Amino acid sequence: MKRLLAIVFVFIIPAAQAENGYDLWMRYKPVENKLLLTAYQSLLKQVSIKGNSETIRVLKEELMKASEGMLQQPVTFTTANSTSRLLIGTRINPDTKPISSQDNISSIGDEGFIIYTNNNTQTVITANTDIGLLYGVFHLLRLMQTQQSVTQLHIVSAPRIKLRLLNHWDNLNRTVERGYAGFSIWNWHVLPGYIDQRYIDYARANASIGINGTVLTNVNANATFLTRAYLEKVKALADVFRPYGIKVYLTARFSAPIEIGGLKTADPLNAEVRQWWTNKINEIYALIPDFGGFTVKANSEGQPGPQDYQRTHADGANMLADAIAPHKGIIMWRAFVYSHEVPDDRHKQAWNEFVPLDGKFSSNVLVQVKNGAIDFMPREPFHPLFGAMPNTPLMMEFQLTQEYLGQGTHLVYLAPLFKEVLNSDTYSKGKGSTVAKVIDGSLDNHTISGMAGVSNIGTDIDWTGHPFAQANWYALGRLSWDYNLSAEQIAEEWLRMTFSNDAAFVSDAKKMMLASREILVQYMNPLGLHHIMATGHHYGPGPWISNLSRPEWNPTYYHRADSAGIGFDRTATGSKALAQYKPEAAKTWADVNTIDEKYLLWFHHVAWTHTMKSGRNLWEELCYQYNSGVDSVRWMQQLWRKQKTKVDDQRYRQISMLLNIQEQEAIWWRNACLLYFETFSKMPVPANYEKPDHDLKYYEGLSFPNAPGN
């Protein structure tokens with residue numbers, strides 16, 4: 001019997017220690033530092049919480065879960081303020097006073113919070129609302145998870161962006177467009193009757209990083225979601241999310257009045273159409289009183305829209321805005337538009353369509369703009385619309401799912417990309433007019449603001465497929481709350497909560513994360529090359545593709561390689577796209593000799609023999625960049641191998657395998673692109689680099705019709 005128990009014990013212990021990533025950054029592992037453990041145990045031994053709302057209920061549950069996990073002790077909730085070490089309550093409680101006259105609780109709004117130490121004995125979390133208290137509790141737990149001191153606290157925090165959203169490109173049949181982590185987490189078939197625990201954990205994760213809204217459905221919209229049966233399913237999700245401060249939004253199919261309403265037109269100026277939308281929106285709010293509103297993709301990539309009726313984007317957006325305004329709802333109208341019928345540079349088309357409409361949108365409309373003008377490339381200059389529409393609130397759209405960044409197999413931490421865009425200077429009102437100040441509304445005095453991220457979440461056990469892809473979801477929330485946080489700080493927080501507080505591990509893993517985006521740029525799109533991926537699924541290289549029906553879908557449209565050189569001339573001698581930026585911004589890119597070379601081929605067609613700042617010619621520099629990218633992936637592999645004893649075996653092996661795939665695909669990108677561009681440069685790859693293992697014809701013949709997310 002003893003022998004049997006020993007065998008069982010051997011098999012049970014490793015299973016208990018295994019980690020599959022489901023808990024994200026809310027693992028609540030035991031605190032090993034004894035001094036900190038004592039301080040944390042004392043803080044959470046007795047907690048006084050004022051209120052009895054559903055939000056207060058989930059707040060208590062989170063405190064209990066965290067305390068039992070990190071401190072191995074339950075929380076005792078008490079009504080005795082004087083004996084509690086942690087006091088939590090809104091401003092209506094006289095015990096929760098602001099720290100000082102400088103910390104005006106009115107200034108932190110409905111979601112901000114204040115945490116302070118009162119007389120060296122008691123910690124207070126206060127806010128104007130219960131949701132603010134929940135955010136404050138998650139902040140305190142973050143301090144504990146990352147082994148920070150919780151004595152002498154003085155924290156005043158409020159979000160810089162009002163709408164902090166995930167955009168799910170999820171379809172009715174549970175497929176996810178551009179999704180690489182399984183199927184949609186929304187199981188419409190069994191809703192509203194069955195509430196998956198994953199929905200609750202999704203809400204917890206979002207609330208922990210300040211995300212306050214979710215767009216449940218694909219921008220390539222389906223009108224079925226606006227039928228009564230599906231609105232009841234949406235209501236069930238809204239009820240789950242509400243205690244966590246999360247509103248639900250839907251995407252509106254512009255032709256819905258025809259498809260499910262029986263009308264013969266969807267003309268936004270037609271009285272029957274306008275009444276249909278008013279009735280439908282009233283129906284939604286009768287079910288979901290705090291429904292957030294709609295995201296709309298119109299007249300783009302085959303989607304219906306107001307231009308089908310010779311109306312403008314403003315006409316279409318304002319029709320919906322007028323119908324939803326009595327309910328205080330929001331319309332987010334996407335600016336991702338381009339047409340094969342317009343012969344102009346795709347980079348210019350959104351600016352051309354939207355800038356003339358500046359000031360013509362209703363006050364509850366935000367124009368949702370991708371970070372760059374082409375389409376979520378590994379690197380793009382900021383979209384020229386930012387700073388060009390001062391009379392219209394613009395919100396940011398980032399992409400978390402790595403459509404053009406290796407999909408689900410490449411380690412690419414995106415906070416450096418987000419920061420690069422947010423810190424870009426539009427010069428729209430002089431120096432310092434950053435993109436961040438445009439989207440938070442402060443530059444042009446707008447009262448609504450927003451930042452959205454296209455979700456990378458699916459049914460994979462770890463939510464995002466690649467364990468490190470969780471960091472991009474985390475970074476979106478943290479930066480939409482406070483875009484002044486550094487990519488380094490966010491990476492360190494995430495690593496400490498998701499993996500380990502071991503200093504050596506954090507140092508090494510953080511180096512990998514902070515370098516990863518630039519590494520990918522090197523082996524995919526160096527020096528401003530862009531949109532040279534394969535067809536449809538966007539998986540792998542395809543710079544030779546030139547046979548697609550629309551010219552702007554072809555990689556050859558963008559790199560324009562010929563015997564003279566390579567790159568897209570967007571200067572005054574080319575498409576003139578630079579003229580859409582303010583002169584101070586444009587001049588940083590206008591001169592081929594002074595431009596930051598990371599944007600060189602985005603704005604210039606450059607001779608193969610052009611001398612680069614490195615002293616190499618352009619062809620040699622391309623060879624150097626592609627090969628450096630491959631070498632840097634190998635550096636990440638080596639650095640990760642050092643972590644074997646510092647992280648759990650399951651995730652260590654998972655990431656090791658993915659890094660092996662990333663190395664092979666980096667080699668694939670390097671070989672395919674250099675073999676192809678070599679046919680134009682007529683110069684060999686320098687002898688000191690690895691030789692391709694196949695010829696160009698082999699790479700051109702590869703096909704992946706069933707790649708995920710297609």
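**Close-up 1. Cavities of the predicted model.** Nine cavities of 30 Å³ or more are found in a search of the whole structure (a cavity is a set of points on a 1 Å grid over the protein atoms alone where a 1.4 Å probe fits but cannot get out; a volume is the space filled by probe spheres set on the points, which are joined across faces, edges and corners). The largest cavity holds about 120 Å³ of space. Its lining comprises 18 residues, of which Tyr404, Met524, Met533, His538 and Trp669 are the closest to its centre (lining residues have an atom within 4 Å of a point). Ten lining residues are nonpolar, seven polar and one charged. Helix α20 (residues 649-681) gives the most to this lining, with three residues (helices are DSSP runs of H or I, at least four residues, and strands runs of E, at least two, numbered from the N terminus).

Close-up 2. Eight strands, with parallel pairing, close into a barrel in the order β7-β8-β9-β10-β11-β12-β13-β14 (two strands pair if DSSP finds at least two bridges between them). Strand β7 (residues 163-167) pairs with strand β14 (residues 450-454) in the parallel sense over five bridges. Asn167 stands opposite Val454 in β14.

Close-up 3. Val273 lies in helix α8 (residues 271-287) and is buried, with a relative accessible area of 0% (buried means under 20%, with a 1.4 Å probe and protein chains only). Beyond its neighbours within four places in sequence, Val273 is in contact with Pro257, Leu263, Thr265, Ala266, Asp267 and Met319 (heavy atoms within 4.5 Å).

**Notes.** In this predicted model, local features need pLDDT of at least 70 and side-chain atom pairs count only at pLDDT 80 or more, whereas totals for chains, interfaces and linings use all residues. Residues are numbered from 1 along each chain as its sequence is written, and side-chain values use heavy atoms, with hydrogens and water left out.

Conventions. Buried means under 20% relative accessible area, exposed over 50%, partly exposed in between (1.4 Å probe, protein chains only). On a 1 Å grid over the protein atoms alone, a cavity is a set of points where a 1.4 Å probe fits but cannot get out, and a pocket is an open set with protein on both sides within 12 Å along at least five of seven lines; lining residues have an atom within 4 Å of a point. Ala, Val, Leu, Ile, Met, Phe, Trp, Tyr, Cys and Pro count as nonpolar, Asp, Glu, Lys and Arg as charged, and the others, Gly among them, as polar.
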